[in-house]
Amino acid sequence: MAKKSKTLKPDTILKNYWRNNEQFADLFNAVLFQGEPVIRPEELEDADTEQSGIFEHRDYAESIQASRDNIKICKKSLFHNIGFVLLGKEAQEHIHYAMPMRIMGYDYGSYKKQYDGNARKYTTAAGLEEDEYLSRFTMAKDPGTGLFPSMTCLIFPVVWRNS
């Protein structure tokens, strides 16, 4: 028998609920595909929820660290010929007026993590065009090194108020 607890936090309950691949797939299918089962639960894998990185510009550097509620990799969705998609989910209990900025930061962190992984491969200009070497990124020579799309869905309980 479970003990009663006063420390149950809605955020923890929601994170645990959305770890279930069937519920996660249902959410994104409802939001993105009008309920069509495009994303299947068996195509989803948990991904690292940590979004950290070092942002550098000239002589300035700053480390940023954030943690998403849930993020999964969809490994086989062929919708629009996309092989991999990062799907993130955030839940808010209270109004957070800057939440769009936070979500953009999470998605940027996902792209930056992918880019940094690709850029490590291109330490010399050998075999690369000048623009490929300067950007440390190429898709023409290695199609598997493109950036996977990253999408985040925000769940926010709406409370209707009478005016």
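**Close-up views of a predicted model**

View 1. Once the neighbours within four places in sequence are set aside, Ala-61 is in contact with Ile-54, Phe-55 and Glu-56, where contact means heavy atoms within 4.5 Å. Ala-61 belongs to strand E3, and strands here are DSSP runs of E with at least two residues, while helices are runs of H or I with at least four, both numbered from the N terminus. With a relative accessibility of 51%, Ala-61 counts as exposed, given that exposed means over 50% relative accessible area, buried under 20%, and partly exposed in between (1.4 Å probe, protein chains only). This is a predicted model, in which local features need pLDDT of at least 70 and side-chain atom pairs count only at pLDDT 80 or more, whereas totals for chains, interfaces and linings use all residues. Residues are numbered from 1 along each chain as its sequence is written, and side-chain values use heavy atoms, with hydrogens and water left out.

**View 2. The whole protein, for orientation.** Four helices and six strands make up the secondary structure of the protein, and along the sequence they follow the pattern α-α-β-β-β-β-β-α-α-β. Of its 163 residues, 29% count as buried. Among contacts between residues at least 6 apart in sequence, 53% join residues at least 24 apart. The protein exposes about 11800 Å², of which carbon and sulfur atoms supply 57%; accessible areas come from the Shrake-Rupley method with a 1.4 Å probe, and for residues only the protein chains shown count as cover.

View 3. Helix H2, spanning residues 21–33, has 13 residues and reaches 17 Å from its first C-alpha to its last, close to the 18 Å expected at 1.5 Å a residue, the expected span being 1.5 Å times one less than the number of residues. Just after H2, Gln-34 takes a positive phi of about 50 degrees. The buried residues of the helix are Phe-24, Ala-25, Leu-27, Phe-28, Asn-29 and Phe-33, and what covers them includes helix H1 (10–18) together with strands E1 (44–46), E4 (70–74), E5 (85–91) and E6 (150–155).

**View 4. Lys-89, a buried lysine in strand E5.** Lys-89 lies in strand E5 and is buried, with a relative accessible area of 0%. Apart from neighbours within four places in sequence, Lys-89 is in contact with Trp-18, Phe-24, Leu-27, Asp-69, Asn-70, Thr-152, Cys-153 and Ile-155.

View 5. Asp-107 forms a salt bridge with Arg-68, the closest N and O atoms being 2.7 Å apart; a salt bridge is a side-chain nitrogen of Lys or Arg within 4 Å of a carboxyl oxygen of Asp or Glu. This pair links distant parts of the chain, with Asp-107 in helix H3 and Arg-68 in the loop between strand E3 (60–67) and E4, 39 residues apart. Asp-107 is buried, at a relative accessible area of 13%, and Arg-68 also counts as buried, at 1% relative accessibility. Elsewhere, salt bridges that share partners join Lys-15, Asp-69 and Lys-89 into one network.

View 6. The structure holds eight salt bridges, including one in which the side chains of Lys-113 and Asp-48 meet (3.2 Å, N to O). This pair, too, links distant parts of the chain, as Lys-113 is in helix H3 and Asp-48 in the loop between E1 and strand E2 (50–57), 65 residues apart. Lys-113 is partly exposed, with a relative accessible area of 41%, and Asp-48 likewise counts as partly exposed, at 46% relative accessibility. In another salt bridge, the side chains of Glu-42 and Arg-40 meet (3.2 Å, N to O). Glu-42 is exposed, with a relative accessible area of 60%, whereas Arg-40 counts as partly exposed at 33% relative accessibility.

**View 7. A nonpolar patch on the surface.** Ile-95, Tyr-97, Leu-154 and Phe-156 form a nonpolar patch with about 440 Å² of accessible area together. Patches are made of residues with over 30% relative accessible area and no salt bridge, with like charges joined within 9 Å and nonpolar side chains (Val, Leu, Ile, Met, Phe, Trp, Tyr) within 5 Å. Ile-95 lies in the loop between E5 and helix H3 (99–119) and, at 48% relative accessibility, counts as partly exposed.
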